[in-house]
Amino acid sequence: MKTLYKLAIVSVLFGAVSCSDKLTEANIDPNVVDPATGNPNMIMPTVLATAATDYLLKGWNEPAGIVQHIQHDSWNSGINHYDWTPQDWTNYYGMLRNNNYLLTSPNAYPFHEGVALTMKAFIFGMITDLWGDAPYTDALKGDEGLFEPVFDTQETIYRGILADLQAASDIFATGDNSGYLAGYDVYYGGDPAKWQRFANSLILRYAMRISEKLPDVAKSHIERVAASGIYIKTPADDAVITYVGTQTSNAWPIEAPWTGDSPFSNFRRRKPGQRLIDQMLTTQDPRLAVWWNPVQVQWVADPTLGRYMDDAIYRNDERLSVVTLPDAEFEQAIAAGNKFTRRFNPNLKGANDPELNTDLYVGLPAGLVSPDSYNGNPDAGQDKPNQHVSLMSHLYRNHSDPELMKSRIISSAEVSFILAEAALKGWSVNGSAESHYLDGIRNSLITWKQEGAYADFVTREGVAFNSATALQQIITQKWIASWTGAVEAWMDFRRTGWPDLKPGPASAQPVLPVRFIYGSAEQLANSANIAEAIKRLEQNQYSNQPNSQWSKPWIIQGTGKPW
C-alpha cells in the first residue's frame with residue numbers, strides 16, 4: 001500500500017509538471033463564454049425572446065385577472081381572488097445580467113449598446129411597475145462584491161429609464177448597425193430605424209406612467225417624441241415576437257394544444273372575464289369572436305317547461321337523453337353545423353336557483369366563490385369543462401395562426417391611445433384626442449384582422465368619441481386592445497381608475513391590488529434594504545401587512561387612484 005501511495009504521488013507531480021505550460025488552456029470551460037472574446041450578437045436573441053415571452057406570460061396571469069380579461073374556473077384563488085404570496089424577481093435580474101453583457105462587452109458596437117439600453121429600460125420598467133422601489137443604481141454589481149444593493153425609489157428608476165431610452169434613440173438615429181450579424185435580432189432584424197421607433201414609443205409609455213406624479217417631465221418627453229414623428233404608428237412596426245403554430249421550441253408558450261378532456265388543461269381553465277365580454281357585446285366588438293368561442297350549449301327560455309332547468313340538452317330540435325357531452329363530441333358536432341341548447345323556465349326560478357346567462361358569449365364574473373359551477377354547469381368540478389361558459393377561440397385551441405399569436409411588447413394601438421390621452425391633457429402631439437383615439441382603435445382592429453369592421457364600429461354608441469367621457473373611452477379601448485398584454489391595462493387602471501373594475505364576492509379585499517409582494521429570496525438576502533423600501537410604501541386600511549399587494553407604491557401615492 002505504501003508503494004502504491006508513493007507511485008500515486010509521483011504520478012500526480014509528473015502530470016502537474018508535464019502539463020504546466022498548458023494549464024490555462026486546460027482550465028477553460030467550453031460551456032462558458034469569455035466576455036473578452038464573446039460575440040454580443042449571440043446573447044441578443046436570448047435577451048429579446050426571454051423578455052417578450054415573460055411579458056406575454058404576465059399578460060395572461062395575475063395582471064389579466066386584475067383587469068378581468070380572464071378568470072379561472074378552477075385553481076383560481078391567485079387569478080380571481082388576488083390571494084397572492086411573495087413573488088421573486090430573479091428572472092428579471094437574470095435577464096438584466098445577460099443584457100448587461102451587451103452593454104459592457106468590449107466587442108459590442110453602438111447598435112448593441114442601443115439595443116441593450118432599450119431592453120434595460122424595458123426590464124427595469126417591468127420590475128418597478130410590478131413591485132415598486134427596487135435595486136437599480138447598485139444592481140448587477142455582484143462581480144464587484146456588492147451583494148446587498150440599495151433599493152432606489154420609483155422616481156429615480158423611471159427617470160433613469162427615460163434617460164436610457166433617450167440615449168438609445170440617439171444611437172439608433174445614426175442609422176449605424178455595424179457589427180450586427182443577420183438573424184440575431186428577433187424583433188426588427190437589425191433595423192436601427194425600427195429600433196428608434198421602439199425606444200421612442202417606450203418613452204411615451206413611461207412618460208405617461210409618471211404623468212400624475214411628474215407632469216412637467218412627462219409633458220416634455222411626450223411632446224418631444226410627438227414632434228419628432230418617430231414612434232410606432234402601424235402594426236407592421238409593433239415590437240413583437242411571433243410564435244409558430246406547432247409544438248416546437250418556438251411554439252406559443254401559454255397552452256399545449258387541446259387534448260380531449262384533459263383535466264389539467266390550462267386551456268380549459270382560462271375563461272373570459274364577464275366584464276370584458278359585457279363590454280364587447282354591448283358594442284358588438286368584432287374582436288370578440290377572434291378571441292373567444294360561443295358557448296357550447298346556450299340557455300334558452302321556455303315558459304312551457306315544467307321545471308326551472310331541463311335535465312337534458314337539445315341538438316338542434318332533438319332532445320337528447322344526456323345533460324352534457326365530452327368536449328370532443330361537442331366540437332365535432334358544432335363544426336358540422338349543429339347547435340346545442342338547454343331549456344329553462346324563468347317563471348319557475350326558486351330562491352336558490354342560479355341566475356342563467358342566455359348570451360351566446362358568456363364569461364365568468366369576477367371573484368366568484370364557486371366559478372366551476374357558474375351558469376348552471378351540470379357537471380361542476382375543478383377538473384370539468386363548463387359547456388355554458390365560453391372557451392378561448394380555436395385560434396388558441398389549435399395554435400392556428402402565427403400571424404396573430406404573438407407577444408406584443410408595445411403596439412401602435414397603445415401608442416395611439418397614449419397620444420390621445422396626452423392631447424386630452426392639452427399637450428402638443430400633432431393631432432387631436434379624437435384622431436389619435438380613432439387611430440388606436442383602427443390599429444388594434446388591423447392587428448386582429450378586423451380592419452373591415454372599423455368604419456361601422458367607431459360609429460356605435462359607447463365607441464364613437466365623446467368629449468364628455470373621453471378619458472374613460474380612451475382607457476377602455478386601450479384596455480380592450482391590451483389583450484394578452486394586461487400589464488399595461490393594470491398600470492392604466494392603477495393611475496386612472498378606468499375601466500371601473502370591481503373585485504368579486506370572494507376577493508381577499510374589496511379593492512383591486514396595486515403591486516406585487518416583494519419576494520422571499522430578496523427578503524432573506526437583502527433584508528435591511530428591502531425593509532427600507534417597504535417603509536416607503538403607503539399603508540391603508542386594505543394593507544393586511546406592510547409588504548402587501550394593496551400597499552401603494554410612490555407612483556400612485558397621493559393621487560387618490562385607483563381607490
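A residue is called buried when its relative accessible area is under 20%. With that word in hand, here are some close-up views of this predicted model.

View 1. Tyr55 and Phe122 are both buried.

**View 2. Tyr308 and Phe344 form another edge-to-face pair.** Here the ring centres are 6.0 Å apart and the planes stand at 80°, so the pair is again edge-to-face. Tyr308 sits in the loop between β6 (298-301) and β7 (314-315), while Phe344 sits in strand β9 (residues 340-344), so the link spans 36 residues. Why do we call Tyr308 buried? Its relative accessible area is 8%, and the cut-off is under 20%. Phe344 is buried too, because its value of 7% also falls under 20%.

**View 3. Ring pairs build a cluster.** Follow the rings from one partner to another and you will meet Trp84, Trp89, Tyr92, Tyr93, Phe124, Trp131, Tyr136, Phe151, Trp490, Phe516 and Tyr518, which the pairs link into a cluster.

**View 4. Tyr187 sits in the largest nonpolar core.** This core has 123 residues, and Tyr187 and Tyr396 have the most contacts inside it. Helix α7 (residues 110-130) gives the largest share, 12 residues. Which residues touch Tyr187, leaving aside its neighbours within four places in sequence? They are Leu48, Ala51, Ala52, Met119, Trp195, Phe198, Val240, Ile241 and Ile409. A second, separate core holds 13 residues, including Leu445, Val463, Ile474 and Ala481. In soluble globular proteins, nonpolar side chains tend to be buried together.

**View 5. Charged ends sit over tyrosine rings.** Look for Lys233, whose charged end sits over the ring of Tyr231, 5.1 Å from the ring centre. Then find Arg343, whose charged end sits over the ring of Tyr314, 3.7 Å from the ring centre.

**View 6. The largest pocket has α6 in its lining.** About 580 Å³ of space lies in this pocket. It is lined by 26 residues, and Arg97, Asn98, Asn100, Tyr101 and Thr104 are the closest to its centre. The elements giving two or more residues to the lining are α3, α6 (90-104) and α7. The largest share, 8 residues, comes from α6.

Note on methods. Residues numbered from 1 in each chain as written. Predicted model: local features only at pLDDT ≥ 70, side-chain atom pairs only at ≥ 80, totals over all residues. Heavy atoms only, no water. Core = buried A, V, L, I, M, F, W, Y, C linked by side-chain atoms within 4.5 Å. Buried < 20%, exposed > 50% of the residue type's maximum accessible area, 1.4 Å probe, protein only. Helix = DSSP H or I, 4+ residues; strand = E, 2+ residues; numbered from the N terminus. Contact = heavy atoms within 4.5 Å. Phe/Tyr/Trp six-rings, centres within 6.5 Å; stacked < 30°, edge-to-face > 60°. Lys NZ or Arg CZ within 6 Å of the ring centre and 35° of its normal. 1 Å grid on protein atoms, 1.4 Å probe; cavity = no way out; pocket = protein on both sides within 12 Å on 5 of 7 lines; lining within 4 Å. Points joined across faces, edges and corners; volume = space filled by probe spheres on them.
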